Amino acid sequence: MDEIDRRILDILQRDGKISQARIAETVGLTTPFVNERIKKLETRGFIRRFTALLDPRLVGIPFVAHVDVALEHPRFERVFLDEIEALLEVQECHAISGDHGYRLKVRARDAEHFEALLRERIQTTRGVIRTHVELSLSVKKDSTLLPLA
């Protein structure tokens with residue numbers, strides 16, 4: 001990846017709907033060459049997918065909680081990860097250090113919806129022995145931008 005690729009990626013992560021002609025104009029290349037570079041960036045995995053970022057509040061899913069999860073034994077990891085993958089409300093799953101093995105970012109409609117997810121899906125997953133919940137009072141920064149400089 002060279003500096004032009006970085007500039008293209010930076011432009012795309014800020015506005016995925018920008019035309020390739022506009023990108024070409026900005027980076028000083030022809031549109032076909034920008035198209036070729038974008039295809040290569042996708043093929044090489046730098047661009048995972050193009051998507052629309054929705055406003056969680058406007059679509060009725062404003063509630064955010066972080067759930068730390070401890071598993072009884074590593075043999076339950078695949079079952080746990082498969083369950084978490086199936087839950088659209090779980091936006092992120094991180095392997096973490098400390099007393100718990102995983103931290104989840106969960107979005108829900110409200111506290112009742114979250115409680116149902118926690119009690120009926122997360123805590124009942126085979127191998128889960130302990131959870132710790134922290135509720136988000138408000139979101140001060142929510143970004144998808146990566147520093148490419």
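First, the conventions. The model is predicted, so local features need pLDDT of at least 70 and side-chain atom pairs count only at pLDDT 80 or more, while totals for chains, interfaces and linings use all residues. Residues are numbered from 1 along each chain as its sequence is written, and side-chain values use heavy atoms, with hydrogens and water left out.

Secondary structure next. The protein has five helices and four strands, where helices (H or I, at least four residues) and strands (E, at least two) are DSSP runs numbered from the N terminus. The order from the N terminus is α-α-α-β-α-β-β-α-β.

Along the principal axes, the C-alpha atoms fill a box of roughly 55 × 35 × 25 Å. Of the 149 residues, 28% are buried; buried is under 20% relative accessible area, exposed is over 50%, and partly exposed is in between (1.4 Å probe, protein chains only).

Now the charges. There are 24 positive and 24 negative side chains, and the centres of the two sets lie 4 Å apart. Lys and Arg count as positive, Asp and Glu as negative, with His and the chain ends not counted; each charge is placed at NZ of Lys, CZ of Arg, CG of Asp or CD of Glu.

The structure holds 11 salt bridges, each being a side-chain nitrogen of Lys or Arg within 4 Å of a carboxyl oxygen of Asp or Glu.

Two examples sit within helices. In helix α2 (residues 20-27), E25 and R22 are three residues apart, about one helical turn, and their closest N and O atoms are 2.7 Å apart. E25 is exposed at 59% relative accessible area, whereas R22 is partly exposed at 42%. In helix α4 (residues 77-86), R78 and D82 are four residues apart, with an N to O distance of 3.0 Å. R78 is exposed at 51% and D82 partly exposed at 41%.

What does D68 pair with? D68 forms a salt bridge with R103, the closest N and O atoms being 2.6 Å apart. This pair links distant parts of the chain, strand β1 (residues 63-71) and strand β3 (residues 102-108), 35 residues apart. D68 is buried at 9% relative accessibility, while R103 is partly exposed at 36%.

Finally, D2, D5 and R37 are linked in a salt-bridge network.
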